[in-house]
Every structure is written in structure tokens, then in C-alpha cells.
Amino acid sequence: MKIPTLIAAALAALLTASQAKLNVVATLPDYGAVARDIGGDKVEVTVMAKPTEDPHFVDARPSFIVKLRAADVLIEGGAELEIGWLPPLLQNARNSKLETGKPGRVVASQGIRMMNVPTTLTRAAGDVHALGNPHFMMDPIIAKAVAKHVADAFASADAPNAATYQANYAKFEQTINVKLQEWGGAMLPFKGRQIVAYHDSWPYFARRFGLVSEIFLEPKPGIPPSPSHLVKVIADMKAAHAHAIIVEPFHNRKTAEKVASSTGAHIADGAQFPGALPSTESYVAFMDVIVARVVAALKE
Amino acid sequence: MLLAACAISGRVLAQEPSVQQQLNALQQMLREMQTRHQQEMDALKKEIADQHATIEELKKIPAPPAPPTQPPAAAPAATPPALPTGKTPPGGPPLFPTTDDSVLLPGTLPQIAPPAHAPGGAAPIPTTDPSMLAPGNFAASPITLASGGKSYLNISFDAIIAGAASTAHDLGALEVGDHDPHTRGFNARNIELALDGAVDPFFEAFANIVFKLDSHNETSVEVEEAFAQTTSMPLGLQVKAGQFFAPFGRINPMHPHTWDFADASLVHGRLLGADGLRGIGTQVSWVLPTRWYSQLVLAVQNGEGGTAASFRNTGENGTQFGRPTIDRQLNRVSDFAFIPRLEMSFDLSPTRTLLVGASAAFGPNDTGVNARTQIYGVDAFYKWKPAKSEGGWPYVKWQTEAMLRRVSARRGLNDSFPTSETLTDWGMYSQVVWGFSKGWAAGLRGDYLHMQDSPFTMEDTRQSRWRISTNLTWYPSEFSKLRLQYNHDFLQSSSFLPRRDEDSVFLQFEFALGAHGAHKF
């Protein structure tokens, strides 16, 4: 009887030690921001990609292996955005909690109806994502769904704090609902207007707020803008009366400036990730700034 | 619509009453009826969905709420999703929908809770956006053969074609790696088929099959790698088994198409072997529970044949280190090749990373019964990539490796060679690659190899030498590259070989098909 008791005690000690704080790794800063909102002070969040870098190309730094090995929960997009760097990290992390299908593995795109799923797969179309456009977090309604998913994962990984996570989710949801009125109201005058994007990362945002995002500075996803393509973009913009171009921190702003000067358009310095712009650490603060910048560019 | 169709068909009949046209007219009528019915059905479905949503809302709201506004009943066209209209109901603030069932797939996690109260205490309005459910807005998922998550196996195919010009008549003797350009003119010495996937919940497996076209355009096939490894062992342990690259240094475990230069470094090709060091065996690795990344690896391989050139290798012409070889079999544990490695990585800053490693390889060689070889290596890799980077650019990578090999070369088969010697060979390379603009990278590499001169051991590879290489690479996309490289080789004289200088130029083209490769650091 003595030995099983000892083992049980040791296990209990191990469990309580590991539950000091839930270790969460998020591949991208938007998932990280949501994880912080849901986890509050009960979680320790590590984000792999920097908010200002191209999420398709993140270095698989070995220090991430250490973080993944100690992680209780991993939040990833699961829509091929991280395909170039996450698989080797997970192979090396050897953390059974993060295996596909386990509650510790949050695949944010799960349950989301993806846009622009290619009907035929060919790289002649550029670096297309077989599972659809992965930039879905720009739709706040989808962000709520992801937040709920995160809250459920935290609750199952850390049962004693389950109520806190669900309460934080309720708060997040309510904030987004209130904010949606504000953002939707601000965007309302621009319904149906074109927003030109450097890369096709705004379809979800455009759909939510009634904009049209059909003109891109990149000729094909991942292929740098060529002079002949930009000539076409300028013509298309004039035909569509497009007056706003949105660029992200890692894009070549000079290309956008050239197009803007030929079309009289205004540039919105946007981003895909909380933290990429000043004082946008949380998802809501980030969307506040994005909406304000898009509105400002459309207004002029 | 029906009337119009009838009118059209009537007119057609009156003019030229052929059976074919009658049929056409009927077909058209049927099509129109089908469209109309479909539209009616869609509208009805939407109505039902809206009513369900309303019922759900009413169930969840304790107090009797304000009467919910009905979404417009008109069937929307199958254009891009219509946006919710920003209607202002009497007495309330502007309301924007806070839920949208159409963004979620039915029956999957997660479910969104009903909307909370809108600002100003107004009653919530159930708002969905059924127009987004219109068929045709979301294409069906494509059937893919070689893509993440859609098939049991990822398949990719990668080919390197290199054009070469050189002052050396025998480029194959100047270049040290088996997949390097070997002849003046065109070379295709590394055409690779790579497969990987999860075997079951416990193992994942990789295979790299290399097709190599030799100077006579004959194809040879190499099973470069074929191994499985565990996925979920406890305590950060992993076990690997099969044919695999020995975990020695930095370049050795990398496939040639991921190299930053068109050819192998001198130490890699001469001290480990033209094919690098790889073989059949098993490996245990352990990610240490340290705060920084550190991993301990121990591989055990047969260490036999041309892919273990410094170990039990009878040699292509029956000699190793100039001596007629004995074909030594595995008799005891110490006859295996053992390859331990320790690597560590430090994040110097958010934009700078350093990876350092120390490796060794121990095993017998084929020059005598107690003949043994030891190889030691240290390597370092540093990368800088700024916080704002597009497509991975810009960056600076610095990589360097140094190796030392000690060979106890005995007297060979039947003690036929005049003497036993200990040959101590060493060398290093250092390279810097600067990705200066998206899709472009420039590289500079310096190589040095010291082969201990011996008045007895005649082998045309035993020549001390240095090399300077520079290149420029253009990546049109992640899946193709074009590289121009210049090498200057200087080979020192030895007891048997004269000194010489050679210049070579390579134009290398690579393309990759299939599954998206992932890059290790």
C-alpha cells in the first residue's frame, strides 16, 4: 500500500507543479493576443512569429523547440500559413500533449468556413494555400469562434480554472459584440468600396465590413510585383475607382507609394497581427487601429 | 419566365417547326423551371434557417425581447456574400451583426454563444447572414495527392541541373562531392524524390530516393534516406531507425538542394566522404531539459561502404588510404560506427540566433584488423533576420565547420603495404550568405583542407588545398532557384601530386514539385 500512495503523491505533486501556470505557445501573434485575453494571468503565452514579419517565412529557431516541449497548449492556424516552419519544430519537440487531435492542439481554422479554397491546385497560380485563405482572424466574428475554441482548450487542460477561462471568453465575446457596432458603423459609409491590398490577406475583413478586395499589387500570391503587373493594377484601380491601398509592415511600401502616386490613392499602413503597430497589443486595440486606418484611407 | 419560354418556343415552332428545335425549347423550359424551383427552395431554406435562429435567440433570452426584425426575404443572387445591411431599428443604435453562422462549418467545434446585449441596453437582434450560405460561394475542397493534411503521404520531387565550365579536364576529380557537377557541360546528379508522412500514431517516416545521371547519362538510384522515427516518446527522447544521414556537423545531414553553394565543402567531401556520412543504423536523441535548446544525439550505423568512406570501406578500386583493403565484417559492437553529437542554440536577440555543435565519429577502417578512424568536428551557424522581413528576406547567415580526422592506417591486406601510419588530416570552411533583396542572395565561402603528406600513401585525393567560392542566387519563388557560382581552387604539391590552380564556373538550376517543404533552422 505504501508504494502506490507514494506514487500517487508524487504524481499529484507533479500535476500541481505543472499547473502553476498553463504554458501556451501560439504560432502567430493574433492567436497569442486571443490566448492572453482568454488566459489572463493563469497562462504564460509564447508567440513564435513576430508581428511585423511575413508569417509564411518564420525561422524555425531552436529555442521554439524548448518552448514547445514545455507547452500544455499549442495554438496554430492549421491552414498552411505555418507549413514552412512549424512541422520540423513539432517533430523535434516530441510533446505528446500537442499531437494532432489532442485537446492541447488548438487548430484555429477548425470549424471555420475558409474563403478562396482553390478548385484546382497549381503553383502556376503562385503560392496558393490548398485549404483556403488563411488570414481569417481579420473577421472579428471568426476571432470569437477561435477564442471560444481556445477557452475550451484551456478549460480542458487546466480544469481548476475552467470557469475563469469561460468567463474571460464571455467578456471577450461581449467586447467584440459591442465593438462590432462601432467598427461596422464606421465602415458603413464605405460599403461596396474597393480596397487594394499588397497581398491577398484581407478577404475576411472585406467581407465582414462590406468592402471589396479584388486588386492586389502582387501578381500572384508570394510573387513580387512586376512593372507590367503594376501598370495593370493602376488601370484596374482607375476603372474601379479604388482610392485606398493597404500594406503590411514587411511589404515594400515604395511599390505601394508608386501606385498611389499614379492613382491618387491613399495608403493605409495596416498589419495582420496585434503588436505590429504601436499600442495594438490586444486583438480589440489592434482592430480599433486597423479600422481607423482603413476608414482614414477610404475617407480621403 | 414560363410564359416567355412558351412564347419563344411558339415563335420558333411557327417559323421552322423542326423536332430538334422543339426539343431545344423544351430543354430550355425545363432549365428555367429548375432554376426557378431552386431559387424558391433556397429562399424557403433561408426562411427556415432564420426562424430557427430566431427561436434559438428567444429560448436564450429570459425576458421577452423586442420583436426581431426579419432579414429581407428576397433571395440574394449567388454573388460574393452580401454584407449585412446596417439597419437602424426605431429607437436603437445602429446594429451590426455579431454572429454569422455562415463563417462556421456545421457540426464542428467551436460553437459561438448567442450575441450579448448591444450598447445602450437595447434588446439584441438576432442577425445572421444566410446569404453567405448561397451555394457556389465556397468551392469544394480540392482532391490533392501531395498536400499537408489531405493525404497520408507528402510527395515532393526536386531536381538540380548544373551547367559547368572549368579549366580542369577532370572536373569529377576536382570537385569533392558525389552530387557536385562532375563534367564540363550539363550535369544532373541530384534528382530527388522525397516522401514523408505519419506511419501511425507512434512513428513518422521519411524517404529520399536520389536518381543520379552519370557522365555517360546512365541513371543510378540511391536510397539516400529511408527511416522512421518515434513521435511521442516521453522525456524528450526520440529514436530513429533506417538508412539516414549521420548527425555529424551541419552540412552532412542536409540534402544538397538546401545547400547555399552549388558544391560540397572540401572537408565534407574529403574527410567524411564524397557521399557524406550516412548508413543503416539507429539513433537516439534527447532534447535536454535546459532553458536553452540543447540536444544530445547518438547514432550507431554499420559504417560500411562508400557512404562511410573513412570507415569500413573496401574502396572502389580495392584500396583505402592507398592500401589494399581487407573486407572486415562486423564481429563485435566496436565494429560499428558511433556518431555522437551535442548541439545548442541561443537567441542572442529577437533577430539573431546562434546554433553551435560538436560531433564525432568513431569506427574501424579496412586497412587492418585493429585499424580505426576518428573524426571530430565543430560547427557554428548564425543568422540575422530583421523583425520586418518579407518572404524571409533580408537576412545574413554565417556558417562554419572545422573537422579533424585521425586514421590509423595499417598495412592492408596480408600486410602487403610497407608501413603503418597515423594520418592526421584537418580542415575547415566558413561561408557568409547575404540575402540582400527579396529573392536574391550573395555568398562567399573560403575552404581549406590539410592532408598530411606521406611518402608512402599515394592517393589522388590526398592533396592539401584551398578554395574560394562566390555566388549569386536568384529565387523566382520558394520552389525554384538559379545560381551562378565561381570557384577558384589551389592545390598544393605533395609527395606524389603536382601543384595546380583551377577555375570553375557553375550555373545551377533547381526546381521543386509537390509538397511544401519545411526548413529546419
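1. Strand β4(B), residues 219–230, runs antiparallel to strand β5(B), residues 237–245, and four bridges join the two. Strands here are DSSP E runs of at least two residues, helices are H or I runs of at least four, and both are numbered from the N terminus. Two strands count as paired if DSSP finds at least two bridges between them. B:Q229 stands opposite B:K240 in β5(B). Six residues lie between the two strands of the hairpin. In that turn, B:L235 has a positive phi of about 60°.

2. A word on the basis. This is a predicted model, in which local features need pLDDT of at least 70 and side-chain atom pairs count only at pLDDT 80 or more, while totals for chains, interfaces and linings use all residues. Residues are numbered from 1 along each chain as its sequence is written, chains are lettered from A and ligands numbered from 1 in the order in which they are written, and side-chain values use heavy atoms, with hydrogens and water left out.

3. Strand β5(B) has another partner. β5(B) pairs with β6(B), residues 278–287, in the antiparallel sense over nine bridges. B:Q243 has B:I280 of β6(B) as its bridge partner.

4. Strand β1(B), residues 154–166, is joined to β2(B), residues 185–198, by ten bridges, and the two run antiparallel. β1(B) also pairs with β18(B), residues 500–514, again antiparallel, over eleven bridges. B:I160 shows both pairings: B:I160 stands opposite B:N190 in β2(B) and opposite B:E510 in β18(B). Strands of a sheet pair through backbone hydrogen bonds, either parallel or antiparallel.

5. Now chain A. Chain A holds ten helices and seven strands. Of its 300 residues, 59% count as buried, meaning under 20% relative accessible area; over 50% is exposed and in between is partly exposed (1.4 Å probe, protein chains only). Of the chain A contacts (heavy atoms within 4.5 Å) between residues at least 6 apart in sequence, 63% join residues at least 24 apart.

6. Chain A has an open sheet of four strands with parallel pairing, in the order β2-β1-β3-β4. β2 (43–47) and β4 (105–107) of chain A stand at the edges with a single partner strand each, so one side of each lacks a neighbour in the sheet. Neighbouring strands of this sheet are turned by 20° against each other on average, direction ignored. β1(A), residues 22–26, runs parallel to β2(A), joined by five bridges. A:L22 stands opposite A:V43 in β2(A). Helix α2(A), residues 29–39, packs on the sheet and touches β1, β2 and β3 (73–76) of chain A. The direction of α2(A) makes about 175° with that of β2(A); axes are lines fitted to C-alpha atoms, for helices over the stretch in contact, and angles run from 0 to 180 degrees between N-to-C directions.

7. The largest nonpolar core has 92 residues; A:I38, A:I75, A:F136, A:F154 and A:F205 touch the most other members. Such a core is a set of buried Ala, Val, Leu, Ile, Met, Phe, Trp, Tyr and Cys residues joined through side-chain atoms within 4.5 Å. Another core, of 25 residues, lies apart from it and includes B:L277, B:F311, B:A337 and B:M403.

8. A:T255 lies in helix α9(A), residues 253–263. A:T255 counts as buried because its relative accessibility is 9%. Not counting residues up to four places away in sequence, A:T255 touches A:Y198, A:P225 and A:L230.
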